[in-house]
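Morning, everyone. Please look at the slide while I talk you through one protein.

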Amino acid sequence: MSGKPKLYYFDGRGKMESIRWLLAAAGVEFEEEFLETREQYEKLLQGGSLLFQQVPMVEIDGMRMVQTRAILSYIAAKYNLYGKDLKERALIDMYVGGTDDLMGFILMFPFLSTEDKEKQRAFIVQKATSRYFPVYEKVLKDHGQDFLVGNNFSWADVHLLEAILMVEEKKSDVLSGFPQLQAFKTRISSIPTIKKFLEPGSQRKPVPDDKYVETVRRVLCMYYDVKAN
């Protein structure tokens with residue numbers, strides 16, 4: 001294994017994108033191997049690299065890690081993005097968990113039919129503005145600090161910014177009623193490592209297109225239709 005973390009996934013967002021975000025936020029350079037064929041995937045399976053027979057998989061510090069949450073927790077702890085004590089870590093876990101729920105509504109969006117996409121778009125915006133964004137708006141307003149937890153930059157901030165930008169792709173003015181989150185978005189986007197990741201030419205992936213969907217279906221043998229929430 002090389003010194004840099006190596007990410008095994010498709011050339012697209014999916015569950016790996018949050019891992020890319022967190023590594024980039026920590027200022028960590030990483031390599032990627034994109035799965036384009038079923039044969040590549042089966043080779044990983046046969047080699048025993050995929051503990052639960054699924055990706056994402058990340059080679060880091062001599063380990064082959066699977067399970068997205070475990071990978072993210074390890075990176076956050078390793079690069080001091082996981083709070084200073086157990087209470088802060090618990091808060092970070094809660095906020096990340098909530099953001100994860102919201103992002104889960106977006107994850108399968110590219111695989112929906114055109115009709116279902118319109119329904120899901122409305123569903124995503126409704127959930128973001130009624131259930132999730134109000135929570136973070138209140139947290140930021142109540143404690144009056146720049147970051148979600150302990151007034152220090154953490155995994156929770158990275159995850160929330162990623163989610164905000166994803167929802168804005170569905171409705172550009174979705175933050176119009178959330179002044180605290182508007183300011184938060186500006187602050188976090190201006191952090192040098194984040195700013196670099198948001199610039200053209202970074203390893204951040206674009207909105208998934210038909211090519212990405214077709215590749216995932218082919219490699220994972222996904223022949224069923226995904227339904228909207």
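Let's start with the surface. The accessible surface of this protein comes to about 11,700 Å², and 51% of that belongs to carbon and sulfur atoms. Those areas come from the Shrake-Rupley method with a 1.4 Å probe, and for residues only the protein chains shown count as cover.

A word on the source. This is a predicted model: local features need pLDDT of at least 70, side-chain atom pairs count only at pLDDT 80 or more, and totals for chains, interfaces and linings use all residues. Residues are numbered from 1 along each chain as its sequence is written, and side-chain values use heavy atoms, with hydrogens and water left out.

Next, the fold. The protein has nine helices and four strands. Helices (H or I, at least four residues) and strands (E, at least two) are DSSP runs, numbered from the N terminus. Along the sequence, the pattern reads β-α-β-α-β-β-α-α-α-α-α-α-α. The radius of gyration is 18 Å, close to the 17 Å that the globule rule gives for 229 residues, so the protein is as compact as a globular protein of that length. That radius is taken over C-alpha atoms, and the rule is 2.2 Å times the number of residues to the power 0.38.

Now, burial. Of the 229 residues, 47% count as buried, meaning under 20% relative accessible area (1.4 Å probe, protein chains only).

Notes
Buried < 20%, exposed > 50% of the residue type's maximum accessible area, 1.4 Å probe, protein only.
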